[in-house]
Amino acid sequence: MIKKPVRVFIDPLFDNPTTRYSDYNPVLNSSENMMYFTSRRQTNKGGKVDIADQEYYEDIYTARFVNNMWTQVERLPGRFNSKGHDAVVSLSQDGKTLFTYKGDGGGDIFQSKLKENGKWG
């Protein structure tokens, strides 16, 4: 690669990047039209800042791919986000089990199942 450098361009995933905060660990469903990811935004559920690194606590967000565009991101509703750290770990191959991390300084891994009505349980 050093002998033959390749120029690459990295474009933002969203047309209107809405955050200057840390976004990471995106997972996509098999249809690639639903994304879940972890973000450390000011709009986190607890509104707290982690004293260890001075960043906002983690929450889980989602976006949909509609009409060739990603929708505005939203914090995943329901019990996914607490006042502590909440992060995406993985999504099962069939897209029906979402694995998440909850806790501060040594939390636990949880799983949620997608119900037939499209809501997580």
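What volume does the largest cavity have? The largest cavity takes up about 30 Å³, a cavity being a set of points on a 1 Å grid over the protein atoms alone where a 1.4 Å probe fits but cannot get out. Keep in mind that this is a predicted model, in which local features need pLDDT of at least 70, side-chain atom pairs count only at pLDDT 80 or more, and totals for chains, interfaces and linings use all residues. Residues are numbered from 1 along each chain as its sequence is written, and side-chain values use heavy atoms, leaving out hydrogens and water.

Strands E9 (97-102) and E10 (108-113) each supply at least two of the lining residues; strands are DSSP runs of at least two residues, numbered from the N terminus.

Lys102 also leads us to the salt bridges (a side-chain nitrogen of Lys or Arg within 4 Å of a carboxyl oxygen of Asp or Glu). Lys102 pairs with Asp86 at 3.0 Å, N to O. Because Lys102 lies in strand E9 and Asp86 in strand E8 (residues 86-91), the pair ties together parts 16 residues apart in sequence. Asp86 is buried, at 0% relative accessible area; buried means under 20%, exposed over 50% and partly exposed in between, with a 1.4 Å probe and protein chains only.

Now turn to Arg41, which forms a salt bridge with Asp23, the closest N and O atoms being 3.3 Å apart. Arg41 is buried at 7%, while Asp23 is partly exposed at 34%.

Methods. On a 1 Å grid over the protein atoms alone, a cavity is a set of points where a 1.4 Å probe fits but cannot get out, and a pocket is an open set with protein on both sides within 12 Å along at least five of seven lines; lining residues have an atom within 4 Å of a point. Grid points are joined across faces, edges and corners, and a volume is the space filled by probe spheres set on the points. Helices (H or I, at least four residues) and strands (E, at least two) are DSSP runs, numbered from the N terminus.
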